[in-house]
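Dear colleague,

Please find below the structure that I am handing over to you. My notes on its side chains follow it.

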Amino acid sequence: MTPTIDTIAALAATRMIDLTTTGHRTGQPRTVEIWWFHVDGRFIITGTPGRRDWYANVLRNPEVEITTPIGSFAARAVPVTEVDSRRAVFIDPAANWYSSQTELDLLIETAPMVEIHLNLDRQTTRSGGSVPIFTEQNRHTRSLFSPAIHPQAPVTETPGPPSCRRPPTPPPDSRDARCCP
């Protein structure tokens with residue numbers, strides 16, 4: 001099954017994801033909410049220079065899970081080491097926040113960066129099973145951002161700490177004081 005252009009476009013339009021790695025010391029799943037970018041047809045996760053647990057984990061075990069509004073997918077995280085590729089990410093308008101945090105040359109030289117190779121043929125579930133993803137055959141039956149893309153897909157919670165995601169259209173003055181501003 002080949003993923004549809006709609007699936008790729010929906011994933012590319014998503015900024016915030018959950019990245020689940022395997023702890024390099026504990027062997028336990030570790031989830032972090034993080035930004036990703038779609039630059040030159042590649043899905044990229046990066047950060048500012050410094051030690052990052054998620055990066056240490058993927059260096060030890062590159063098999064990860066990416067959770068997005070359209071589902072969770074098995075993936076492989078591959079470090080991006082080529083200077084021109086790293087520069088292309090940091091000068092892309094989508095990633096301009098990083099260049100406002102430190103010098104471009106320092107980002108290119110020292111920031112953690114991985115390319116995510118998604119297995120879009122199958123979604124993963126918390127129990128380790130898999131379900132079919134959004135396809136041409138079922139594209140009119142479910143919303144692209146539905147938690148369950150396939151009618152028989154189980155709805156599962158993302159492992160890890162609760163996030164500060166708000167509902168798509170919160171009522172006025174209904175912010176949760178414990179959540180992000």
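A salt bridge is counted here when a side-chain nitrogen of Lys or Arg lies within 4 Å of a carboxyl oxygen of Asp or Glu. Please note that this is a predicted model, in which local features need pLDDT of at least 70 and side-chain atom pairs count only at pLDDT 80 or more, while totals for chains, interfaces and linings use all residues. Residues are numbered from 1 along each chain as its sequence is written, and side-chain values use heavy atoms, with hydrogens and water left out.

Salt bridges

Side chains of opposite charge can pair when their charged atoms come close. There are 3 salt bridges in the structure. In one of them, arginine 51 meets aspartate 53, at 2.4 Å from N to O. For accessibility, buried means under 20% relative accessible area, exposed means over 50%, and partly exposed lies in between (1.4 Å probe, protein chains only). Arginine 51 is exposed at 55%, and aspartate 53 is partly exposed at 45%.

Glutamate 63 and arginine 76 also form a salt bridge, at 2.0 Å from N to O. This pair links distant parts of the chain, since glutamate 63 is in strand β5 and arginine 76 in strand β6, 13 residues apart. Here helices (H or I, at least four residues) and strands (E, at least two) are DSSP runs, numbered from the N terminus. Both partners are partly exposed: glutamate 63 has a relative accessible area of 42%, and arginine 76 has one of 39%.

Glutamate 115 pairs with arginine 42, their closest N and O atoms being 3.0 Å apart. Strand β7 holds glutamate 115 and strand β4 holds arginine 42, 73 residues away in the chain. Glutamate 115 is buried, with a relative accessible area of 16%, whereas arginine 42 is partly exposed at 23%.

Aromatic pairs

Rings of Phe, Tyr and Trp (its six-membered ring) pair if their centres lie within 6.5 Å; planes under 30 degrees apart count as stacked, over 60 as edge-to-face and the rest as tilted. The count by this rule is 8 aromatic pairs. Why is the pair of tryptophan 35 and tyrosine 98 edge-to-face? The ring centres of tryptophan 35 and tyrosine 98 are 6.1 Å apart and their planes stand at 85°, so the pair is edge-to-face. Tryptophan 35 belongs to strand β2 (residues 29–35) and tyrosine 98 to helix α4 (residues 96–99), so the pair ties together parts 63 residues apart in sequence. Tyrosine 98 is buried at 5%, while tryptophan 35 is partly exposed at 29%.

Tyrosine 98 also pairs edge-to-face with phenylalanine 90, with centres 6.1 Å apart and planes at 70°. Phenylalanine 90 is buried, at 1% relative accessibility. Ring pairs join Trp35, Phe37, Phe90, Trp97 and Tyr98 into a cluster.

Nonpolar cores

In soluble globular proteins, nonpolar side chains tend to be buried together. A nonpolar core is a set of buried Ala, Val, Leu, Ile, Met, Phe, Trp, Tyr and Cys residues joined through side-chain atoms within 4.5 Å. The largest one has 20 residues, and Leu11, Trp36, Ile45, Ile66, Ile116 and Leu118 have the most contacts inside it. Among the elements that each supply at least two of its residues are α1 (5–13), β1 (16–22) and β7 (113–124). The largest share, 4 residues, comes from β7. A second, separate core of 12 residues includes Val89, Ala95, Ile108 and Met113.

Yours sincerely
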